[in-house]
Amino acid sequence: MKILNYYRSLSACILLGPLCFGQYQFEVKEVSKNYNNAIITIENCFDEQCKDRGTIELYDNKNTKVQTFTSEDLVFYLNKGQKLVPGKMIQLTHEESPFIIDDFNFDGTEDIAIRNGNKGNYSSASYDVYVFNSTRMAFVKSEELTEIGSNYFGLFGVDAKRKRLVATGKSGCCMIFTTEYQVIPNKGLEKVLEREEDMTNEDRVKVITREKINNKWVTRTKVYPAGQYNR
């Protein structure tokens with residue numbers, strides 16, 4: 001009888017999946033114009049934070065699952081006082097979610113960046129970046145975009161008008177670095193601008209800009225009164 005009950009319990013766990021193993025499930029609705037919602041599953045949540053290995057299932061506007069993504073360090077934070085119940089679907093806001101959807105390579109299709117821990121500058125957020133491959137009809141991880149999405153201060157910014165990716169970082173209290181990349185179709189990323197803002201002197205800001213113009217690097221240095229400098 002004990003053996004029979006054991007196998008009954010085992011069968012129930014196989015059917016119920018995450019409900020038996022204390023996993024937490026979250027849903028983000030209306031994630032973008034092309035994707036209706038995403039289901040996040042993760043095991044470790046505590047003190048208004050979830051982390052470690054997790055999965056994200058992305059669904060289109062017809063509620064058909066498009067793809068499942070796995071992150072070994074899926075970090076995200078919850079609103080204060082948010083109640084967590086293993087196995088119960090919990091709603092997440094866009095601000096809480098551990099992924100970002102945007103057109104990162106300016107090809108007209110949406111891509112996705114998924115949190116992969118705190119590997120960025122000063123232990124800031126870092127991301128694995130997947131671009132949509134129209135031939136495969138699937139998201140494919142981009143090593144180049146993942147590299148700049150994991151080594152700066154959080155995820156890079158997207159300047160759709162100039163078709164550039166803007167990554168920032170800092171050193172100590174008073175040095176800010178900005179790097180801009182241009183996406184070259186069928187070729188990859190090209191670094192086109194580096195800017196260093198030195199604020200170690202409280203009275204002035206020294207800005208050194210290196211920009212690639214006509215395939216040549218041009219360097220400019222300017223000094224601004226601290227009270228007049230506006231980034």
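Student: Why is C174 called buried?

Tutor: Keep in mind that this is a predicted model. C174 has a relative accessible area of 17%, and buried means under 20%, so C174 gets that label.

Student: And what makes C173 exposed?

Tutor: The cut-off for exposed is over 50%. C173 comes out at 75%, so exposed is the word for C173.

Student: How do you know that C173 and C174 form a disulfide?

Tutor: Their sulfur atoms are 2.4 Å apart, and the rule asks for a pair within 2.5 Å. The torsion about that S-S bond is about -75 degrees, so this disulfide is left-handed.

Student: What makes C45 and C50 a disulfide?

Tutor: Here the sulfur atoms sit 2.0 Å apart, again within 2.5 Å. The torsion for C45 and C50 is about 105 degrees, which means a right-handed disulfide. As for burial, the cut-off is under 20%: C45 has 11% relative accessibility and so counts as buried, and C50, at 0%, is buried too.

Student: How many disulfides does a search of the whole structure find?

Tutor: Two. With the bonded cysteines numbered in sequence order, the pairing reads 1-2, 3-4.

Student: On to the rings. Why is the pair of Y35 and F139 called tilted?

Tutor: Ring centres have to lie within 6.5 Å to pair, and these are 5.9 Å apart. Stacked needs planes under 30 degrees apart and edge-to-face needs over 60; the planes of Y35 and F139 are at 50 degrees, so tilted is what remains. This pair links distant parts of the chain, with Y35 in strand 2 and F139 in strand 10, 104 residues apart.

Student: Are those two residues buried or exposed?

Tutor: Buried, with under 20% as the cut-off. Y35 has 9% relative accessibility, and F139 has 6%.

Student: Which residues do ring pairs link into a cluster?

Tutor: Y35, F69, Y130, F132 and F139. The count for the structure comes to seven aromatic pairs.

Student: How do you know that K170 lies over the face of Y122?

Tutor: The distance limit for a charge over a ring is 6 Å from the ring centre, and K170 is at 5.1 Å from that of Y122. R210 lies over the face of W217 as well, at 4.6 Å from the ring centre.

Student: Last topic, the largest pocket. Which residues are closest to its centre?

Tutor: The pocket has a volume of about 380 Å³. Of the 16 residues that line it, N105, V183, I184, P185 and N186 are the closest to the centre. By class, the lining has eight nonpolar, four polar and four charged residues.

Student: Which elements each supply at least two residues of that lining?

Tutor: Strand 9, helix 2, strand 13 and strand 14.

Notes. Residues numbered from 1 in each chain as written. Predicted model: local features only at pLDDT ≥ 70, side-chain atom pairs only at ≥ 80, totals over all residues. Heavy atoms only, no water. 1 Å grid on protein atoms, 1.4 Å probe; cavity = no way out; pocket = protein on both sides within 12 Å on 5 of 7 lines; lining within 4 Å. Points joined across faces, edges and corners; volume = space filled by probe spheres on them. Helix = DSSP H or I, 4+ residues; strand = E, 2+ residues; numbered from the N terminus. Nonpolar A, V, L, I, M, F, W, Y, C, P; charged D, E, K, R; others polar. Buried < 20%, exposed > 50% of the residue type's maximum accessible area, 1.4 Å probe, protein only. Phe/Tyr/Trp six-rings, centres within 6.5 Å; stacked < 30°, edge-to-face > 60°. Lys NZ or Arg CZ within 6 Å of the ring centre and 35° of its normal.
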